[in-house]
Amino acid sequence: MKRFLSHLGVKITALFLLIITLVGTVFSGVIVFLGAGYGIYSHSVNDFYDFSLCSNTVWGDAERALDIYHYEENAEQYLDTVFDPQKTNLSLTIYSGNRNILYSNKKTIHAVGYESDLTLYRDNNTYIVRCVLDDPLEVEDHYQEYARLFEWMQSMRYTIFWICGSFGLIALILMIFLLCSAGHRGNAEGVQFNHQDKIPLDLYIVLEVFAVFLIASIYPGWRYYISFITQYIIFSAVISGIAIILIPFWMTLATRIKMGKWWRNTLIYRLLRLIWR
């Protein structure tokens, strides 16, 4: 068993598999989390128009349209390009606060799938943005893309639990193995330090926290001008990256605990000892 734990090839293989299963756990777990947040497990959600991703996307388009109208030069020409009725399933009309029409993309609606009047504000000005989503979604746009995503999520909403759980269980087993093997080197007896184990622990923690914040800063947050799928990929990649860079930390921590008196290899301990002398 000791030879198995100290075998470099086995540990590299376990680490490689752990990274794969961690990524699988995160990506599938985020789907479950987002699906629950968007109501995919709710019995009141019967089609895409009931899906909160639909209403959130409509709200995002309304915000974007109003930003263009209020802040951009040649706003109507810009809006005609962005919300071309031949390229969107959304009928969009911007009203002033007293219901005067300021802009409309003049989209013909066959049947109302979803509609909403949103009261929005820009620089102390009140606007009402009326959004009507066509049914069926005949134009190839992000609404049609999200409708297909909704159908897939609905069909996979319980299967994805098993996928996430399986990946998570395998990742846990591999992580336990790596923690048990931490500190074992070849044919050497007992626990041995490698280069990362010689770094003061508190300095190591500071470096890890800095790396976590650096990776987390990549994520732009949920923005209406970034597609939902792109945001999902970026968010999942950031969480996966954070989980992966924490693997060496847990392994070096396990090695130090096994070696005993781990606190002696910290800058704080050395400083206090110097002061005490």
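Let me begin with R130, which is partly exposed at a relative accessible area of 25%; here buried means under 20%, exposed over 50%, and partly exposed in between, with a 1.4 Å probe and protein chains only. This is a predicted model, in which local features need pLDDT of at least 70 and side-chain atom pairs count only at pLDDT 80 or more, while totals for chains, interfaces and linings use all residues. Residues are numbered from 1 along each chain as its sequence is written, and side-chain values use heavy atoms, leaving out hydrogens and water.

I turn to the charged pairs. Side chains of opposite charge can pair when their charged atoms come close. The structure holds 6 salt bridges, a salt bridge being a side-chain nitrogen of Lys or Arg within 4 Å of a carboxyl oxygen of Asp or Glu.

In one of them, E115 joins R130, with the closest N and O atoms 2.5 Å apart. This pair links distant parts of the chain: E115 belongs to strand β3 and R130 to strand β4 (residues 125-134), 15 residues apart. Strands (E, at least two residues) and helices (H or I, at least four) are DSSP runs, numbered from the N terminus. E115 is itself partly exposed, at 42%.

R130 has a further partner in D117, where the closest N and O atoms lie 2.8 Å apart. Here again distant parts of the chain are linked, since D117 is in strand β3 and R130 in strand β4, 13 residues apart.

Which residues do the shared partners join into one network? They are R99, E115, D117 and R130.

The remaining link is the salt bridge between the side chains of D117 and R99, at 3.5 Å from N to O. It too connects distant parts of the chain, with D117 in strand β3 and R99 in the loop between β1 (90-96) and β2 (101-104), 18 residues apart. R99 has a relative accessibility of 41% and so counts as partly exposed.

Let us stay with D117. This residue lies in strand β3, which spans residues 112-122. Is D117 buried or partly exposed? At 37% relative accessibility, D117 counts as partly exposed. Setting aside neighbours within four places in sequence, D117 is in contact (heavy atoms within 4.5 Å) with R99, I128, V129 and R130.

Next, Y219. Y219 sits in the loop between α7 (201-216) and α8 (228-245). Its relative accessibility is 18%, and therefore Y219 counts as buried. Beyond neighbours within four places in sequence, Y219 is in contact with Q231, I234, F235 and V238. The C-alpha atoms of Y219 and A237, 18 residues apart along the chain, are separated by 9.0 Å.

Finally, the surface. K261, R264, R273 and R277 form a positive patch. Patch residues have over 30% relative accessible area (Shrake-Rupley, 1.4 Å probe) and no salt bridge, with like charges joined within 9 Å. Lys and Arg count as positive, and their charges are placed at NZ and CZ respectively. K261 is found in the loop between α9 (247-259) and α10 (267-276). With a relative accessible area of 48%, K261 is partly exposed.

Technical notes
Patch = residues over 30% accessible without salt bridge, like charges linked within 9 Å, V, L, I, M, F, W, Y side chains within 5 Å.
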